[in-house]
Amino acid sequence: MSSHVLKRWEPENTSFWEQTGARIANRNLWISIPALMLAFSVWMLWSVVVVNLDKAGFQLSKNQMFWLTALPALSGATLRIFYSFLVPIFGGRKWTAISTASLLIPALGMGFALRDPSTSFPTLLILALLCGLGGGNFSSSMSNISFFFPKAKKGLATGLNAGIGNLGVSLVQFVVPVVISMGLLGAMGGEPQQYVKDGVEKSIWLQNAGFVWVPFIIAASLAAWFGMNDIADAKASFADQAVIFKRKHNWLMCWLYVGTFGSFIGFSAGLAMLTKSQFPGINPTAYAFLGPLVGALARPLGGWVSDKLGGARVTLWTFAGMIAAVFGVLHYLPQGGQGGDFYGFLAMFILLFALTGIGNGSTFRMIPVIFLTERQREAKGRGEKAEKQAVVDASKEAAAVLGFSGAIGAYGGFFIPKSFGTSIDLTGGVDGALFCFIAFYLSCMAITWWYYARKQALMPC
């Protein structure tokens, strides 16, 4: 058996955790985090590339550009469904290294394709779909990290992994506008494209948006391969994990995670285009990174506070705050092309992003607690062996649910940008989409209160 495989792993055993477990778990976490950050950066590449395509000579319609921003979320969410179950089959170390290395495909592909403005729209669509490889990585990464930490520390650990990983969304929206403005790679990067602004000819190296990530992806893949571990007890077939589809709480938590993470990734993908459509005089790339940055930083806070106060309570109040923030966005939007306050609009969206981050952390704190409690209730009174097995089974189920709910939640990245576009087509504004979001958040509040947060809740957590 490889030296990277941990034959004994008992994070709930205090002496084992203090002597051996904490050091190994933290090493795996701190290798996982930058790998996941790169995955999010590649996943959201099109959200910032698309607003610069015209400068590089690409002639696309608004509808085509909306498709390019929405498709990575669609493919990423779908891949997450499969990635949710792969860590127990392949092992966390192997799969983290392989899935991180796969990001080279869209990064290099976009680098070469964006050098030539005659690249066909179908080719760009394929590259947008391939960026979904980055989205898929989240589910396997969260599933893997959940195995390493004891129940009392899962909230902070998964919050750090996801929260700092989510910073990749903000990172890509900050880095890409900088690197495409300079000949970063010299002759290797290819010739710049020329465009005219205010009567002055300027250069843009749009291909750098893809090429800049390549060395970092290679480094992260090697770090995962040589520095991470596989857990022998975490091995499970797809059939073993498929039991989650029979668990009611799997589907309830998927619904709640659509409300938190679906909102985070959907607003991240759609905010730049929304800003461009509602406030034409504003440069969206100057502000687009702020919301995802705040949301990502808030996620570990959500996990930490939930460790102290309980995930359900934090989730309930988070959805209440999100409803208030959406009403705030509605208040500051221009009506019929008149009025509106961009800075009020931006402030409400930053608040909304912060709340989605907190909710992401609190919902992922709820999942391991729910499944451990449920399995322990079933094992109660059946002896020590059954109780130990309950902990192992709960870890496997919770890991699968973390991944699967992450997959379902990610579809928000497709539906939110498309709902903005559909609302504009049907009504001339985005108010209709925002009122739909409010109704959905109300349903999330009701589910959280009834099943998890009230005094006589079925599964208090």
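1. A salt bridge here is a side-chain nitrogen of Lys or Arg within 4 Å of a carboxyl oxygen of Asp or Glu. The model is predicted. It holds eight salt bridges.

2. Start with Asp230 and Arg93. Their side chains form a salt bridge, 3.7 Å from N to O. Asp230 belongs to strand β4 (residues 230-231) and Arg93 to helix α5, so the bridge ties together parts 137 residues apart in sequence. Asp230 counts as buried because its relative accessibility is 2%, under the 20% cut-off. Arg93 is buried too, at 5%.

3. Arg93 has a further contact. It lies over the face of Trp225, 4.4 Å from the ring centre. Its helix, α5 (residues 92-101), is mostly covered, with seven of 10 residues buried. Among them are Trp95, Thr96 and Ala97, besides Arg93 itself.

4. Glu397 sits in helix α17, whereas Arg247 is in the loop between α12 (238-241) and α13 (248-278); the two are 150 residues apart. Glu397 is buried at 7% relative accessibility. Arg247 is also buried, at 19%.

5. The bridge between Arg8 and Glu10 has its closest N and O atoms 3.5 Å apart. Arg8 is partly exposed, with a relative accessible area of 46%. Glu10 is partly exposed as well, at 33%.

6. Helix α17 (residues 384-410) gives the largest share of the lining, seven residues. The lining divides into nine nonpolar, three polar and eight charged residues.

7. The second largest pocket holds about 430 Å³. Val51, Asn52, Lys55, Asn283 and Thr285 are the closest to its centre, out of 18 lining residues. Strands β2 (193-197) and β3 (200-204) each supply at least two residues of this lining. β3 gives the most, three residues. By class, the lining has eight nonpolar, five polar and five charged residues.

8. Aromatic contacts deserve a look. The count comes to 42 aromatic pairs. A charge also sits over a ring at Trp450, where the charged end of Arg454 is 3.8 Å from the ring centre.

Terms used
Residues are numbered from 1 along each chain as its sequence is written. This is a predicted model: local features need pLDDT of at least 70, side-chain atom pairs count only at pLDDT 80 or more; totals for chains, interfaces and linings use all residues. Side-chain values use heavy atoms; hydrogens and water are left out. Helices (H or I, at least four residues) and strands (E, at least two) are DSSP runs, numbered from the N terminus. Ala, Val, Leu, Ile, Met, Phe, Trp, Tyr, Cys and Pro count as nonpolar, Asp, Glu, Lys and Arg as charged, and the others, Gly among them, as polar. On a 1 Å grid over the protein atoms alone, a cavity is a set of points where a 1.4 Å probe fits but cannot get out, and a pocket is an open set with protein on both sides within 12 Å along at least five of seven lines; lining residues have an atom within 4 Å of a point. Grid points are joined across faces, edges and corners, and a volume is the space filled by probe spheres set on the points. Buried means under 20% relative accessible area, exposed over 50%, partly exposed in between (1.4 Å probe, protein chains only). Rings of Phe, Tyr and Trp (its six-membered ring) pair if their centres lie within 6.5 Å; planes under 30 degrees apart count as stacked, over 60 as edge-to-face and the rest as tilted. A charge sits over a ring if NZ of Lys or CZ of Arg is within 6 Å of the ring centre and within 35 degrees of the ring normal.
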